[in-house]
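User: I'm new to this one. Can you walk me through it?
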Amino acid sequence: RPRLGTATSLLEATIELEDNIPNLETPFIVIHGTKDVVTSADASTDLYAHSVKVHESDKELVLIEGGWHGVLWGDTEEETTERWNLLLDWAKAKATED
């Protein structure tokens with residue numbers, strides 16, 4: 001379990017990140033499992049909703065129903081490949097935009 005100093009630093013970083021989400025301008029994709037017990041999927045939904053300077057076409061939120069933390073690794077090799085391809089295809093599309 002984390003020490004008090006580590007927990008305090010994590011809390012301060014989280015607050016700073018939350019305060020600055022409206023200033024975010026960088027395209028992003030978030031792939032999040034709905035059963036993640038480490039980080040709530042609601043946090044990813046909030047990131048998407050409150051990143052108002054990022055155009056809708058430059059951000060994507062993918063919720064993997066039943067997925068846990070570390071969602072890029074699925075229960076099967078096919079799921080893992082599909083999820084990594086989703087991420088890589090998004091990055092390639094952003095890299096080749098005019």
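Analyst: Let's start with Glu97. Glu97 counts as partly exposed, at 44% relative accessibility. Buried means under 20% relative accessible area, exposed over 50%, and partly exposed in between (1.4 Å probe, protein chains only).

User: Which side chain does Glu97 meet in a salt bridge?
Analyst: Lys94, at 2.9 Å from N to O. A salt bridge here is a side-chain nitrogen of Lys or Arg within 4 Å of a carboxyl oxygen of Asp or Glu. Lys94 counts as buried, at 18% relative accessibility. Salt bridges with shared partners join Asp58, Lys94 and Glu97 into one network.

User: Before we go on, what kind of model is this?
Analyst: This is a predicted model: local features need pLDDT of at least 70, side-chain atom pairs count only at pLDDT 80 or more, and totals for chains, interfaces and linings use all residues. Residues are numbered from 1 along each chain as its sequence is written, and side-chain values use heavy atoms, leaving out hydrogens and water.

User: What is the mean pLDDT?
Analyst: The mean is 92, and 98% of the residues reach 70 or more. pLDDT is the predictor's confidence in each residue, from 0 to 100.

User: Where is confidence lowest, and where highest?
Analyst: Lowest in helix H1 (residues 4–20), at a mean of 89. Highest in E2, at 96. Helices (H or I, at least four residues) and strands (E, at least two) are DSSP runs, numbered from the N terminus.

User: Back to salt bridges. How many are there?
Analyst: The structure holds 5. One of them links Lys53 to Glu25, with the closest N and O atoms 3.9 Å apart. Lys53 sits in the loop between H2 and E2, and Glu25 in the loop between H1 and E1, so the pair ties together parts 28 residues apart in sequence.

User: Is Glu25 buried or exposed?
Analyst: Glu25 is exposed, with a relative accessible area of 57%. Lys53 is partly exposed, at 48%.

User: What about Arg83, which residue is its salt bridge partner?
Analyst: Glu79, with the closest N and O atoms 3.8 Å apart. Arg83 and Glu79 are 4 residues apart in helix H3, so about one helical turn separates them. Arg83 counts as buried, at 12% relative accessibility. Glu79 counts as partly exposed, at 27%.

User: New topic, strands. In which sense do E1 and E2 pair?
Analyst: Parallel, over 6 bridges. Two strands pair if DSSP finds at least two bridges between them. Phe28 has Lys59 in E2 as its bridge partner.
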